[in-house]
Amino acid sequence: ADLLARAVSKTIFAAGNDELRPVMSGVYFELNTDSVTFVSTDAHKLVKYTRTDAKADSAATFIMPKKPLNLLKNVLATEETEVTIEYNETNAKFSFGDVTLVCRLIDGRYPNYDAVIPKVNPNVLTVNRATFLNSVKRVSYFSNKTTHQVRLKMAGSELHVSAEDPDFSNNADERLTCSYKGDDMEIGFNSRFLIEMLNNVETEEVVIEMSEPNRAGILLPSESVVEGENLLMLVMPVMLNN
């Protein structure tokens, strides 16, 4: 129960709300004989949560809608039992204790999420999570209200977090100490996505891996909080207007 509740809470925030792309409005369950993976994306951000301490008898995949998952997450938070998941082509059934939840699955083919995760990321930023989160929150008040863009500029052991809104002549700039390996670079992200992701990481430090200013950035916890747990978050950049 705690594994499932944790998996849902780590992924559900990144699922989309686009009615034209229903497959992206749920969480993708990928059950394998050696691990289970949960994926959610709205095309701007993506979360992949894998547990190697759980496995299925045979490989299977299905897409769970958000509404029953929210119900499940709230109920499971107080449970310490085993959850039995049964499914067919159209429905899934979750049974634990005196509770049985049956819901219709989202019909469709989930996008190939592995293809969008950049594999070679030579630029690696390691920064204190709480310091970085608070900085992004403060600076984002001065960002453009449409793009919510914050700019990260990495050089040596210094991270510049800045935002500006030319329409109202607003701008903010903060400097943080960090550990950075790679070429000096500038990249823009949507501050709302960054804040959501940083709120879902529990480690003291976070690692952000990047390749180019126009390629997705990967946000990872600096260490595993729970044994057998792997969490990967991806966020698409916002084009910088120099």
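In this predicted model, the largest pocket holds about 530 Å³ of space. Its lining is made up of 18 residues, and those nearest the centre of the pocket are Val 36, Ala 54, Lys 55, Val 83 and Ile 85. Helix H1 (2-11), strand S2 (36-41) and strand S5 (84-87) are the elements that each give two or more residues to this lining.

The second largest pocket contains about 450 Å³ of space. Of the 20 residues that line the second largest pocket, Thr 61, Phe 62, Ile 63, Ile 106 and Gly 108 lie closest to its centre. Strand S1 (26-31) and strand S4 (60-65) each supply at least two residues of this lining. The greatest contribution comes from S4, which provides four residues.

The table sets out the kinds of residue in each lining.

| Pocket | Nonpolar | Polar | Charged |
|---|---|---|---|
| Largest pocket | 11 nonpolar residues | three polar residues | four charged residues |
| Second largest pocket | 10 nonpolar residues | five polar residues | five charged residues |

Strand S6 (residues 91-96) and strand S7 (residues 99-104) run antiparallel and are joined by six bridges. Within this pairing, Phe 96 of S6 stands opposite Val 99 in S7. Two residues lie between the strands of the hairpin, and Gly 97 takes a positive phi near 55°. As a general point, the side chains of a regular strand alternate between the two faces of the sheet.

Methods:
Residues numbered from 1 in each chain as written. Predicted model: local features only at pLDDT ≥ 70, side-chain atom pairs only at ≥ 80, totals over all residues. Heavy atoms only, no water. Pairing = 2+ DSSP bridges. 1 Å grid on protein atoms, 1.4 Å probe; cavity = no way out; pocket = protein on both sides within 12 Å on 5 of 7 lines; lining within 4 Å. Points joined across faces, edges and corners; volume = space filled by probe spheres on them. Nonpolar A, V, L, I, M, F, W, Y, C, P; charged D, E, K, R; others polar.
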